[in-house]
Amino acid sequence: MHEGTVKTIKGEDGDVIDCVDINKQPAFNHPLLKSHTIQMKTHVHSSGTESENNHNILFQSWHKNGECPEGTIPILRTPHSNRRRRSYPTVSQKRRANDFSAPPGHEYYGARATINVWNPATYQGEFSFAQIWVGSGEGDEANTMEVNNGENKTRLFTYWTRDDYRSTGCYNLVCPGFVQTTTQISLGAAVEPVSRYGAEQFEMIITITKDKSSGNWWLLMQDQFIGYWPGSIFTSLADCSTEINWGGEITNSEFAGHHTSTQMGSGHFPEESFGKACFFRKIGYVDESGNMRDPKDLQVYVTKPPCYDLRFAKYEGDGISFYFGGPGYSDKCP
């Protein structure tokens, strides 16, 4: 049970949610946030962050058994076995297989994407992500904020670091850093429903945007403000981002001496298109004035096309969009 818990809710999927006094959340154990005042209202420009009129609304099942009261935030009670993943895996442990990158060297103040939500098969404790990276700096000074959906059940979760994953940062609220403000969303908890092959498709609209007056980086899901990363916990990201990536990533333990069978996206290749392959659509970045823009001169990075691939999608009204993913191990992906 988390410190400051005033109510506990158990979801039908086994997730246990502690409703924690908002002023006693883990963020305030961070040495740089000891005297931090919670920013309950943000001054960020709302243009481009609002939800679309989409009836395919995602839901966290713990809400079926209760709600967290006003003045608290929902925190997933994390099994001890999951806490060992405090450090981000190294390149040799985790392969970024498909992504788009906004050109480096520019200044960005946020990112957005509508992400097609699936539940890809994973094996040997591996992970499969669809995510947005917002980063700045290089080497030991690399700072990132990441928003993902994936893992064994499809979950919304975040990660941050200020020293290239060496000793700072963590998932969700496992360590001090991210300040949550909403009572409605529990980071790390399972989301439902998910898309099915050849059936109805479900989406998650994710936005990260900076409030320049406070320096905080806000996270939105659909049009719900979830909370923020205080600018003070970063170094190079305290000002702006210089790199944004959208795409997929998997862990590959190379069990039995061959490439993993862990799927990415829907587990199907991009050429199968809508309803069968996973997609990102309406990807964008926030400019210095707080306006959402279409990225230009995108760089494509695909490490193993025979295992997982990526290709542009061209649908009117969907902005810059792409399909990505694949099944992993096969005769063509040994």
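**Arg281 and Glu203 are both buried.** Buried means under 20% relative accessible area, exposed over 50%, and partly exposed in between (1.4 Å probe, protein chains only). This is a predicted model: local features need pLDDT of at least 70 and side-chain atom pairs 80 or more, while totals for chains, interfaces and linings use all residues. Residues are numbered from 1 along each chain as its sequence is written, and side-chain values use heavy atoms, without hydrogens or water. Arg281 and Glu203 form a salt bridge, and their closest N and O atoms are 2.9 Å apart. This pair links distant parts of the chain: Arg281 sits in strand β14 (residues 278-286) and Glu203 in strand β10 (residues 203-211), 78 residues apart. A salt bridge here is a side-chain nitrogen of Lys or Arg within 4 Å of a carboxyl oxygen of Asp or Glu. Strands are DSSP runs of E, at least two residues long, numbered from the N terminus.

**Asp15 and Arg155 meet in a salt bridge.** Their closest N and O atoms are 3.2 Å apart. Asp15 belongs to the loop between β1 and β2, while Arg155 belongs to strand β8 (residues 155-161), so this pair, too, joins distant parts of the chain, 140 residues apart. Are the two partners buried or exposed? Both Asp15 and Arg155 are buried.

**The side chains of Lys64 and Glu12 form a salt bridge.** The distance from N to O is 3.7 Å. Lys64 lies in the loop between β2 (16-21) and β3 (72-76), and Glu12 in the loop between β1 (5-10) and β2, so the pair ties together parts 52 residues apart in sequence. Lys64 is partly exposed, with a relative accessible area of 46%. Glu12 counts as exposed, at 58% relative accessibility. Which residues does the network hold? Salt bridges link Glu12, Lys64 and Glu192. The structure as a whole holds 10 salt bridges.

**A disulfide joins Cys19 and Cys68.** A disulfide is a pair of cysteine sulfur atoms within 2.5 Å. Here the sulfur atoms are 2.1 Å apart. The torsion about the S-S bond is -80 degrees, and the link of Cys19 and Cys68 is left-handed. Cys19 lies in strand β2 and Cys68 in the loop between β2 and β3, so the pair ties together parts 49 residues apart in sequence. Cys19 is buried, at 0% relative accessibility. Cys68 is buried as well, with a relative accessible area of 6%. The loop between β2 and β3 also holds Gly66. Gly66 is buried, at 17%.

**Cys170 and Cys175 are linked by a disulfide.** The S to S distance is 2.1 Å. The torsion about this S-S bond is about -90 degrees, so the disulfide is left-handed. Where do the two cysteines stand, buried or exposed? Cys170 is buried, and Cys175 is too.

**Cys307 is joined to Cys333 by a disulfide.** The S to S distance is 2.0 Å. The S-S torsion of Cys307 and Cys333 is about 95 degrees, so this disulfide is right-handed. Cys307 lies in the loop between β16 (299-302) and β17 (309-313), and Cys333 in the segment after β18 (321-325), so the pair ties together parts 26 residues apart in sequence. Both cysteines, Cys307 and Cys333, are buried. How many disulfides does the structure hold? It holds three. Counting bonded cysteines along the chain, the pattern is 1-2, 3-4, 5-6.

**Strands β11 and β12 form a hairpin.** Two strands pair if DSSP finds at least two bridges between them. β11 (residues 216-221) and β12 run antiparallel and are joined by five bridges. Leu219 stands opposite Gly227 in β12. Two residues lie between the strands, and Gln222 in the turn has a positive phi of about 55 degrees.

**Strands β9 and β12 pair in the antiparallel sense.** β9 covers residues 179-180, and β12 covers residues 224-229. Two bridges connect them. Which residue of β12 is the bridge partner of Val179? The partner is Tyr228.

**Cys240 counts as buried.** Its relative accessibility is 6%. Cys278 also counts as buried, at 2%.

Notes
Helix = DSSP H or I, 4+ residues; strand = E, 2+ residues; numbered from the N terminus.
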